[in-house]
Amino acid sequence: MIVGAIQPGMILTEMITGQYKDKPEEWAKSKKIFDILTSPVETVAPWIARRVLENTRNGARIQWATGAKIMGRFLLAPFRRKE
């Protein structure tokens, strides 16, 4: 048995968006930050699955949203457009 950690970061799902179902003004404000922080499940899930299947050592940390990646997203946010 191999034990490790999986850290996918923030994925925009109904669990997050459901909080804003009847609050469109709050969603409009929050959406900007979610556009920076979240990744699509269609991108993250296959990447994580591949890393899990390739991993052969205990204690491995499979991390999609590293600190450097998050910082980069914030720094580049003014220059990128996410739909």
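Biologist: How many salt bridges does the count come to in this model?

Modeller: The count comes to one salt bridge. Keep in mind that the model is predicted.

Biologist: Which side chains meet in that salt bridge?

Modeller: Those of K31 and D35.

Biologist: What makes the K31 and D35 pair a salt bridge?

Modeller: The N to O distance is 3.0 Å. The cut-off is within 4 Å, for a Lys or Arg side-chain nitrogen and an Asp or Glu carboxyl oxygen. The pair meets that cut-off, so it is called a salt bridge.

Biologist: Where do K31 and D35 lie relative to each other?

Modeller: Both belong to helix α2, residues 24–37. They are four residues apart, so about one helical turn separates them.

Biologist: Why is K31 called partly exposed?

Modeller: Its relative accessibility is 29%. Buried needs under 20% and exposed needs over 50%. K31 falls in between, so it is partly exposed.

Biologist: And what value does D35 have?

Modeller: D35 has a relative accessible area of 21%. Buried means under 20%, so D35 counts as partly exposed.

Biologist: Turn to S39 in strand β3. Why does S39 count as buried?

Modeller: S39 has 4% relative accessibility. That is under 20%, so S39 is buried.

Biologist: Which side chains make polar contacts with the side chain of S39?

Modeller: That of W64, at 2.9 Å, and that of R73, at 2.7 Å. The cut-off is within 3.5 Å, so both pairs pass on distance.

Biologist: Which residues does S39 touch, not counting those up to four places away in sequence?

Modeller: M10, I11, L12, V44, W64 and R73.

How values were computed:
Residues numbered from 1 in each chain as written. Predicted model: local features only at pLDDT ≥ 70, side-chain atom pairs only at ≥ 80, totals over all residues. Heavy atoms only, no water. Helix = DSSP H or I, 4+ residues; strand = E, 2+ residues; numbered from the N terminus. Buried < 20%, exposed > 50% of the residue type's maximum accessible area, 1.4 Å probe, protein only. Polar contact = N/O pair within 3.5 Å; in protein donor to acceptor, adjacent residues only side chain to side chain. Contact = heavy atoms within 4.5 Å.
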